[in-house]
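User: Could you take a close look at the salt bridges in this structure and walk me through how they are placed?

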Amino acid sequence: MRAVIRIVNRVLLGIVGLLLVALGGSVLAIGLGAPAPSWWLHGGRNDVLLDETERTRWRDEGWWWPVVIAALAVLVLLLLWWLVAVLRRRRLAEVFVDTGDGDDAVLRGRALETALAQEAGRLDGVEQARVRLTGRRGVPQARVHLLLEPHVDPGTALDTLTTGALAHARESAGLAALPSEVRLRAVKHHAERVS
C-alpha cells in the first residue's frame, strides 16, 4: 500500500511540476517577445495578466471574499496534510524472521519494539526507554530514545544498550544487522549542593 501511495505522490508531483514549468516558460517566452500561441489568454507582450476589470469584477459581491478565503484555507490545510504525510516516518508493522528452514515467519513490529524497550528500560541508570521501528520489513531500523538518570555515563549506557538489548533483538529476529539511531537525554534535576 505504501508503494502505491509513493507512486501516486510522485506522479502528482510530476504533473504539477510539468504544468508549472509549461506555464512559467510560456509567460517567460511571451515576455521575451515570442509570439503568443492561439490558446493564450492575453494578446501579447505588453498585456497584463489581470487587468483592472478582471481584478475588481467580483469585489462588490458579498459572497466573493468568504469564498476566496475558504478556498485558500482548504488549499492550505490540504497542503499541510500532504506535507505531514510525506515527512512522517511510519512505524514498521511487521518484521520478517528467517526461520532457518527456507521459510520466513512474521514478527509484529510492536512486539519487537516493546521487548526492546523493556530490556533497554531495565539497564542500569535508564529512567525510561522508547523504541520505534522504521524501514522495510526485511531490513528494519530502530530509533531508540533513552532518558538517563543524572549519574549515568552516556558512553557506558550506549555501549550496554548496543551489546545488550540491541544485540539480543537482532539475534532473536534473525537479522544480519539492525541499524539504530540512539538519542540520549538526561533527566532534569536540581544541582546538588557541594559542601
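Analyst: Happy to! Glutamate 181 has a relative accessible area of 29%, so this residue is partly exposed (buried means under 20% relative accessible area, exposed over 50%, partly exposed in between, with a 1.4 Å probe and protein chains only). The side chain of glutamate 181 meets that of arginine 183 in a salt bridge, 2.8 Å from N to O; the term stands for a side-chain nitrogen of Lys or Arg within 4 Å of a carboxyl oxygen of Asp or Glu. Arginine 183 is partly exposed, at 45% relative accessible area.

Glutamate 181 also forms a salt bridge with arginine 143, with 3.8 Å between the closest N and O atoms. Here distant parts of the chain are linked, 38 residues apart: arginine 143 sits in strand S4 and glutamate 181 in strand S5 (residues 180–186). Strands (E, at least two residues) are DSSP runs, numbered from the N terminus.

The structure holds three salt bridges, and one of them pairs arginine 137 with glutamate 94, the closest N and O atoms being 2.5 Å apart. Arginine 137 lies in the loop between strand S3 (126–135) and strand S4 (140–148), while glutamate 94 belongs to strand S1 (residues 94–98), 43 residues apart. Arginine 137 is partly exposed at 39%, and glutamate 94 is partly exposed at 25%.

A note on reading this: the model is predicted, local features need pLDDT of at least 70, side-chain atom pairs count only at pLDDT 80 or more, and totals for chains, interfaces and linings use all residues. Residues are numbered from 1 along each chain as its sequence is written, and side-chain values use heavy atoms, leaving out hydrogens and water.

Methods: Helix = DSSP H or I, 4+ residues; strand = E, 2+ residues; numbered from the N terminus.
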